[in-house]
Amino acid sequence: MEQIEKNTVPGDNQLKGKNGVFFIGEGKGLRVLFVGNSITLHPKAPEIGWDREWGMAASAPEKDYVHILISKIREKNPDAAFCVVQVSEWERQFMHGEDCLPKYQRAAEFGADVIIMRLIENCPYQEFDDQKFMEEYQKFIDFLNRKQKAKVVVTTGFWRHKGDDAIRQIAKKHGYPLVELGDLGEMDEMKAIGLFDHEGVANHPGDLGMEKIAERIFEKL
């Protein structure tokens with residue numbers, strides 16, 4: 001079984017009616033936008049044993065990669081402001097990704113100086129279309145970066161995905177800093193195995209995995 005197949009957390013209805021755009025802090029300084037899926041933020045889902053509301057499967061909010069990066073960024077930019085957008089719906093429907101974009105209007109209006117694109121895992125795996133993904137992924141970035149002023153950082157999947165090569169091609173074409181994460185998903189010590197009964201939740205990054213994700217992204221920032 002490939003690592004991506006161990007992610008049995010449903011990709012649909014992760015937000016349970018929420019709009020997927022959340023704001024942290026009201027500073028007037030650097031504006032940082034996190035774009036991701038359950039690893040970035042997953043609301044409570046008691047049916048799979050997840051009773052928390054932060055990046056799955058960190059043990060506390062300050063232990064997920066988003067909050068670790070927020071802490072690191074605030075050390076250099078105390079007045080920074082942050083926006084988190086949960087885009088599992090876009091991932092699942094990326095073939096028609098433009099249809100989802102209006103849902104993320106508030107994230108686009110945030111006017112980010114830095115955009116961190118940390119997604120791919122929920123994109124359909126077996127029928128993955130590289131060319132269509134690259135087209136829609138870039139449209140998504142352009143939608144969020146409407147003034148074309150933001151620095152964009154992209155990552156591959158925590159679990160290796162067929163779309164990783166497409167992300168690498170986009171990074172090379174547009175000069176986006178690229179963060180490789182696939183090796184982390186192959187190491188049990190980077191996951192929350194043994195801490196959750198649900199296999200999919202347990203195969204998400206635990207505290208050490210989140211720390212490593214944050215470290216690698218921060219190196220590029």
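1. D130, F133, M134, Y137 and Q138 in α4 meet A166, I167, Q169, I170 and H174 in α5, where a contact is heavy atoms within 4.5 Å. By class, this α4–α5 contact has six nonpolar, three polar and one charged residues. The classes work like this: Ala, Val, Leu, Ile, Met, Phe, Trp, Tyr, Cys and Pro are nonpolar, Asp, Glu, Lys and Arg are charged, and the others, Gly among them, are polar.

2. Before going on, a word on the source: this is a predicted model, with local features needing pLDDT of at least 70 and side-chain atom pairs counted only at pLDDT 80 or more, while totals for chains, interfaces and linings use all residues. Numbering starts from 1 along each chain as its sequence is written, and side-chain values use heavy atoms, with hydrogens and water left out.

3. Back to the geometry of that pair. Helix α4 (residues 130–144) and helix α5 (residues 164–174) have axes that come within 9 Å and cross at roughly 50 degrees. Helices here are DSSP runs of H or I with at least four residues, strands are E runs of at least two, and both are numbered from the N terminus. Axes are lines fitted to C-alpha atoms, for helices over the stretch in contact, and angles run from 0 to 180 degrees between N-to-C directions. The two helices are therefore oblique to each other; under 35 degrees would be roughly parallel, over 145 roughly antiparallel, 65 to 115 roughly perpendicular, and the rest is oblique. The crossing is right-handed, that is, the near helix is turned clockwise from the far one by less than a right angle.

4. The other pair to look at is α1 (residues 65–76) with helix α7 (residues 207–220), packed at about 40 degrees with axes 8 Å apart. α1 and α7 are oblique too, and their crossing is right-handed. Y65, I68, L69, K72, I73 and K76 in α1 meet M210, E211, I213, A214, I217 and F218 in α7. Those residues divide into nine nonpolar, no polar and three charged.

5. L69 in α1 is worth a click. L69 is buried, at a relative accessible area of 0%; buried is under 20%, exposed over 50%, and partly exposed in between, with a 1.4 Å probe and protein chains only. Leaving aside neighbours within four places in sequence, L69 is in contact with F34, I116, A214, I217, F218 and L221. L69 and I217 are 148 residues apart in sequence, yet 8.2 Å apart C-alpha to C-alpha.

6. For C83, the nearest cysteine sulfur is that of C100, 17 Å away. C83 is buried at 0% relative accessibility. For C100, the nearest is that of C123, 11 Å away, and C100 is buried at 1%.

7. Now the loop between β2 (31–36) and α1, where S59 sits. S59 is partly exposed at 41% and touches R52, W54 and D207, not counting residues up to four places away. A57 is in that β2–α1 loop as well, and a cis peptide bond with omega of about 10 degrees joins M56 and A57.

8. Two positive phi values deserve a look. I120, not a glycine, has a phi of about 160 degrees; I120 lies in the loop between β4 (114–118) and α4 and is buried at 0%. Q148, also not a glycine, has a phi of about 55 degrees. Q148 is in the loop between α4 and β5 (151–155) and is exposed at 51%.

Notes
Disulfide = S-S within 2.5 Å.
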